[in-house]
Amino acid sequence: MTLPCKDHERSAGGYQKHLKSLITALLKDLEDTCVVIPCDSTDAWIAAAYDKTDNIEMVENPWETLIAKGKYYHGLRIPGKKKHTLTYREMSATVCDNWEEVKKLCTSADCFESDIVRLAAMHR
């Protein structure tokens, strides 16, 4: 499969909707499944939480182009281009604190929350 293709809108939401429909067609029963398709990884969620940038999911490789571009990112030491669990752990509080803004800027975050809420309600 080649992306982008002519079968979907050229936006983060368009890519996600198209890929989710392909996954749904292959797996058939997704009632108890949360399909998350973050555009260019959850690094977009981090950039949305810190930078509040419109269309952040369309930025190619936000880790390298934004987060790890320098030695520090919003006061956090970024040890080179390699991703570290500790770095993500340090950033997670800001993502959580700014979750409403992240959902507005990242359709994948909004879809993720909707699916989790739906699944939680099903299993009460």
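**Around helix H2: a short tour**

Hi everyone, let's start with two tryptophans: Trp 45 and Trp 99 are both buried, where buried means under 20% relative accessible area, exposed means over 50%, and partly exposed lies in between, using a 1.4 Å probe and protein chains only. Before going on, please keep in mind that this is a predicted model, where local features need pLDDT of at least 70, side-chain atom pairs count only at pLDDT 80 or more, and totals for chains, interfaces and linings use all residues. Residues are numbered from 1 along each chain as its sequence is written, and side-chain values use heavy atoms, with hydrogens and water left out.

Now, the rings. Searching the whole structure turns up four aromatic pairs; rings of Phe, Tyr and Trp (its six-membered ring) pair if their centres lie within 6.5 Å, with planes under 30 degrees apart counted as stacked, over 60 as edge-to-face and the rest as tilted. In one of these, the ring centres of Trp 45 and Trp 99 are 5.4 Å apart with the planes at 75°, so this pair is edge-to-face. Trp 45 belongs to helix H2 and Trp 99 to helix H5, so the pair ties together parts 54 residues apart in sequence. Helices here are DSSP runs (H or I, at least four residues), as are strands (E, at least two), numbered from the N terminus. Ring pairs also bring in Phe 112, making a cluster with Trp 45 and Trp 99.

Among the buried ones are Asp 43, Ile 46 and Tyr 50. The cover includes strand E1 (72-73), strand E2 (76-77) and helix H4 (85-97). Just after H2, Lys 52 has a positive phi of about 55°.

Let's look at H4 next. H2 and H4 pack at an angle of about 55°, their axes 9 Å apart; axes are lines fitted to C-alpha atoms, for helices over the stretch in contact, and angles run from 0 to 180 degrees between N-to-C directions. The two helices are therefore oblique to each other (under 35 degrees is roughly parallel, over 145 roughly antiparallel, 65 to 115 roughly perpendicular, and the rest oblique). Which residues meet there? From H2, Asp 43, Trp 45, Ile 46, Ala 49 and Tyr 50 meet Tyr 88, Glu 90, Met 91, Thr 94 and Val 95 of H4, contact being heavy atoms within 4.5 Å.

Thanks, everyone!
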